[in-house]
Structure formats: structure tokens, C-alpha cells
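The sequence and the coordinates are shown first.

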Amino acid sequence: MKRYITQLAVGAALAFATSALAETVGPQGETATPSASVMVAEADLEVIRAGGHTAALLWHDQSDFVNAVTAGATDELARAGIEVVATTSAGFDAAKQRSDIETALTKNPSIILSLPLDPVTSAAAFQEARDNDVKLVFLSNLPSGYEHPADYAAIVTDDLFQMGKQAADALAASMGGKGTVGWIYHDAAYYVTNQRDNAFKTTIENDYPDISIVAEQGISDPARAEDIANAMLLRNPDIGGIYVTWAGPAEGVLAALRANGNTTTKMVTLDLSEPVALDMVRGGNVAAIVADEAYELGRAMAAAAILDLLDQDVPPFVVAPAVTVTADNVVEGWMQSLHIDAPKSVTKD
Amino acid sequence: MTAVKQRLSGFDFQNMVVYIGFIAIFIFFAVTLYDDGFLTQRNLTNIFLQTAPATIMAIGLVFALSAGEIDLSFGSIVAVSALTAAVVLRDYPLIMGVAAGLGVGILIGALNGVLVAYLKLPSFLVTLATMGLFAGIARSMTDLRSVPVMNEAFTGFFGSGKLFSVPSLLIWTVVAVAIGHIFYRHTRFGAHVLATGDNPRAAQVTGIKVPRVRLYVMMICGGTAGLAGLLYAGRLQAAKYTLGESDLMTVIAAVIVGGTALNGGKGSVIGALLGSLLMGMLNNGLILMNLKVSDQMIVRGLIILLAVAVSLRDSSR
């Protein structure tokens, strides 16, 4: 019964996400605006510089991705003379995120850029900031009940549909447009991963008639990825390709492929990871990694907050582009996504 | 000079480390962060509110450690209790939600206690297992979803409200510390806990029902974790399976820094309160100093290491 309810819930989430079809839509069905159109004019920067504004960056965790978002945001804020007065990481702990917000508010920031850990728990957490008229720009998630533009300036996220679609296109290309595919998706009601995963599935089903998805497996604990992949390979030893929801579990899937001596099954995943990229440049199983432009995400978040400080209209839902990284463009791709040099290990000939 | 030396030699530095550390760090932040709002009433109140659930968990752990046991499962109990209360509050009144949340915590504590006291299994291994067991149960209870708590009486009483302008979390902290301290220091039960932790065989010989003491301390740990779960649910106006997960190391550090011995027979509820506040003050001050997140972690780790090393210096001899 429990399993049936789980399948029903996941099915409902998938139905919602796939209803978005060919484009990324916001948590409340908002139409996406490209991040490139969210820019602050030089003349407006002068006005902001005179305001003595400050900002707090209250993240959910620490990672290369967060570092790149922070760098993009900090650079854009610096252009406007806005000082970052607090940076925190909640370590995915909703209670710590609330504490971080309270502590940062002690410094009276004009702007808070943050990834709310989930819509439900973050609604109360951001309430004091909202009540104090702090300009809020959210990364990917929206606290429940928050309305644009009264409560927040914008949500900025990846072009989620494009990420999934580009992963499907890259995997299909590596398989010559035919064969069988395994789909390892994030088994949780999480807006970001659900949209990406379903975009992959939708693209394969709609655009590649000679490719069939023969195995579907949800994952909630990345540590179990290797077990899940082993089971999938046992049942489908000739599987042509595997999609993995993000790079963490992809490392486990890669371990399973190696342990099985499998050199033919192609794999794609989302978000950059050195071990996965290393396999790709060495001509292993990994065909491509699709990444978001994290630095651009941060820049767009800061720009949205500055525009809100200027009382200018800010689009409610902004998306940054996706980049397909292959062995051929790993150096440029790394820089485009994370704004740092690719690790030496993946650039060695 | 000799008199001064004698006085210094009688000074129990180990027991005072939490007080000295607390005051030293407070003064350091007060001076360096004076212009950043550290000393404002709002910020100091925040530290109390943010540490309230950890302080209450720490009280339970003082009892367990003092009796020579440990509970590693309290983080998972926090999540199960918070989720249970949140789910019950969807359809039932305040009292039912509170009873369910607290009851679940005490029951899990009792399960731990029975396994430790009567099946004679080591508490470290029992609670390591139940930590994973109940973390899994917390995840499956609501299919990883957060549950909003809409009952305003509950959220006011357990986290977000005030009584005569005093935040409810502050009241919970004071009441829990007062009750914990009185039970620990001024009741026969408290004495039995310490005697059990100090030398269980001798305690048994003097007529103390050692298994029962062990059962009760594990139930107290479960109960305080359950209460912490209610406070988190009230403060966040929601419950989630991750609540309490990251508190394990913070709470253990707070209790050890506060003067409670890892191997039993010695402890302090007031020390645990100060240890918990010390942890909260470190989190707060290092953020206000605008350190990078990784630097915050390094500095916090070093200070905790120093404090724990000094606290445990005697017991390691």
C-alpha cells in the first residue's frame, strides 16, 4: 500500500512537471525570462552606490556551485558598491537556515539572496526579512504563500527544461539515436530535479522514436546509486545509455559500470563533477555533463535585487542558460558554468 | 605568594572552563562586533532562541551521560516527534498533537532504555542503530515532504509566541533548565543517576535499582528530544525529516564543554546550558564577523576542540 501511495505521489509530481512540456516554468507556473535580460544600467548603478546598501548571502549548503553563484552575485553587487555583510551555509538544515536569517538581519542588510530549503519550512523563516522590507531574491525555491512583487523580487534558477533536454540530446547523439536507456530520477517532490528529470524523459519519448526507456528507478539517497545501478545492469545487461539525475549519484553509477566491466553503456548526468568529467575526457562511459551557468545565476540574482532597490520592474521568474560539457569543450564549459578553471586532472592530455 | 599558589591549586579549572570560555568569547565578540549589533537585545535574544532546542536536548544528554550511557538517536527522535505532532495537529487539537509528539519521544527513549537496561546492550550501539532506524522512519512518515503546522496556539506556545513580552522559547529554556537542574542536583533520583554512572556495581550494592535508572535516563533523553522536536515545529511552523539531524555533535560538544563526563558520574545542567549558549554564540558571532563559511567552520571547530580538550583533561589522566 505504501509503495502504491509513493508511486501515486511521484506520478502526480511527474504529471505536474511534465505538463510544463517544452519550457521551464516557475514554481507557480510563471513564464521564464532569460537571465541575460536582467541587467542594471550603468546610470542606475550610480544611484545605488550612493545608497550605502548591504547584502547577505544565505545559502543552503557549500559546493562548487554555491561558490560560483556567490562569485557572480558578489561581483555584480560590487559593481553597485553593495557590501556583502554576511555569508552563511545552512547545511540543508531548515532550523539553521532560520537562525542564519535572524543573525544576518542583525546587520540590517538591504538585500538577501538565498535558496530556501523548501517551500514549507522557509515560509516562516523569511517572514521577518519580508516584514522588514528586505529585498529578497530566491534561488530555485519559493516559500509558500509568497507573492510577487510584494514579498520578493524574483526567483532565479537554471533553465531546468533545457538541462534535461540537452542531456537527452547528448545521450541520444552518443548512442547514434537508437537503443535502450535507463532513467535514474530523483525520487522526491523537489521542483528543480523533477523538472530536469522529466525534461529528459519527455525529450527521449517525443524526439527519439528509436530510443526506448526500458528501466526507471528513483533515488533519494545518493549513497545507494551504485546498488541501484548494479540492479539495473543485472536486469538490462545490454542497456545503451543511462541518465542520472545529478553528479553525486552519477559517481556511484560510474562505479557500478566499472565494477561490471561495462565499457559500452553511455551515461549523462547534470552538474559538473571532477570524477565524472575525468571519465568523460578519458573516453569512458560518460558521454556528456549538462551544467548550469552558476556564475550567471548569481549575477542575475544580484541584478534582480538591485533593480528592486531601484523600484524598477523585475520579472518574477528568471532562468540562466544550460551548457552541455563534453570532452571537446571541458575547459570552456567549466569556465562558463563555474567561472573557474577546470581541474588539472581533466585538462591533462 | 604561597597563599596565592594554594588558592590557584585549589581552583578547579576543568569545572570552570565553560564559564571562563563563555565569558572570554562573549567579551571578544562584544568588543570586536560592537558596531555589528552583537550586543543588541535582539541579537542576544536570538542566540537564546536559536539554541533553545539544543539546550533542551543537552539536558537529557546530561542525565544519560551521567549514568554512564549515551544517546546518539536523539536527532532522529526530534524529527519523528516533530512530524508526529505536525501530522496529528492537522486533524486534532493542540493537546493531542503535543501528547503525540512528546509521547513518541518518550516511547523511543523507553525502547532504547529497555534494550540498554534489561537486555544489557551497550547504549552506544543500541542508539547508533535506532538513530538510523528512526531517521528512516522520519523519512517514510511523510514521503520526505515537509508538513506545515497551521495550529496557531501550538506555534505560539512552542516557538513563535510570547508571554508578557518574553519569547516562549526563552521560557521553555528557563523552565527546562530549572527543572533539570533541581532533578539532577537536589533529588534522590539525581543522586542515583550519578552513583550509577560513577560505579554501577557499588550503586547496585547500595540498593539503587540500576537498570531502572538506566531506563529512566534514556526516557528522559527521548522526552527532551521530543520536546525539542515540538519547539522546532513551533519555531519553523512546519516539520521536516531533517530536523535535529545536525544537532548531534553540537549537543554532545555543549554537554562535554559544560563539564559532564563522557564516562559517567559527573555532570552539570547549568554547564550544559552555558555550553549550548557557547555554541550558539560562536555560530552567531562568526557570521557577524563576515567570515567565509569554511572559515567559520574551521574557527568553530578549533574553539570547540580547545574547550573539549580542557574539559576532558582530568578524566583522560
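**Helix packing, domains and core**

The crossing in which α12(B) passes α14(B) is left-handed. The model discussed here is a predicted one. Helix α12 spans residues 248-257 of chain B and helix α14 spans residues 293-311 of chain B; their axes come within 9 Å and cross at roughly 45 degrees. An angle of 65 to 115 degrees would count as roughly perpendicular and one under 35 degrees as roughly parallel, so α12(B) is oblique to α14(B). The residues that meet are B:A253, B:I256 and B:V257 on the side of α12(B), and B:I304, B:A307, B:V308 and B:S311 on the side of α14(B).

The crossing of α5(B) and α11(B) is right-handed.

Chain A may be considered next at the level of domains. Chain A is divided into domain 1 (26-158 + 294-320) and domain 2 (160-292 + 324-347). Taken over C-alpha atoms, the centres of domain 1 and domain 2 of chain A are separated by 30 Å. To the contact between them, domain 1 of chain A supplies 14 residues and domain 2 of chain A supplies 10 residues. On the side of domain 1 of chain A that touches domain 2 of chain A, the elements giving two or more residues are α3 (64-79), β6 (154-158) and α12 (294-309) of chain A. The largest share of that side, five residues, comes from α3(A).

The two chains also meet. In this contact, 31 residues of chain A touch 30 residues of chain B. On the side of chain A that touches chain B, at least two residues each are supplied by α1 (2-18), β3 (83-89), α4 (94-105) and α5 (119-125) of chain A. Of these, α4(A) gives the most, with nine residues.

The largest nonpolar core has 220 residues, and the members that touch the most other members are A:V137, A:V156, A:V253, A:M301, A:A304, B:A82 and B:A233. Helix α11 (residues 210-236) of chain B gives the most to this core, with 16 residues. Domain 1 (26-158 + 294-320) and domain 2 (160-292 + 324-347) of chain A both give residues to this core, and the core therefore lies between them. Which residues does A:V137 contact, leaving aside its neighbours within four places in sequence? They are A:L113, A:Y152, A:A153, A:A154, A:V156, A:M301, A:A304 and A:A305.

Two individual residues complete the picture. A:M232 lies in helix α9 (residues 225-235) of chain A. Because A:M232 has 22 C-beta neighbours inside 10 Å, this residue counts as buried. Not counting residues up to four places away in sequence, A:M232 touches A:G182, A:A215 and A:Q217. A:G182 is 50 residues from A:M232 along the chain, and their C-alpha atoms are separated by 7.6 Å.

In chain B, B:Y19 is found in helix α2 (residues 13-32). B:Y19 has 15 C-beta neighbours inside 10 Å and therefore counts as partly exposed. B:Y19 and B:L278 are 259 residues apart in sequence, while their C-alpha atoms are 9.4 Å apart in space.

Notes: Residues numbered from 1 in each chain as written. Chains lettered and ligands numbered in written order. Predicted model: local features only at pLDDT ≥ 70, side-chain atom pairs only at ≥ 80, totals over all residues. Core = buried A, V, L, I, M, F, W, Y, C linked by C-beta atoms within 7 Å. Buried ≥ 20, exposed ≤ 12 C-beta atoms within 10 Å, placed from the backbone. Helix = DSSP H or I, 4+ residues; strand = E, 2+ residues; numbered from the N terminus. Domains from an automatic or database assignment. Contact = placed C-beta atoms within 7 Å. Left-handed = near helix turned anticlockwise from the far one by under 90°. Axes fitted to C-alpha atoms, helices over the stretch in contact; angles between N-to-C directions. Parallel < 35°, antiparallel > 145°, perpendicular 65-115°, else oblique.
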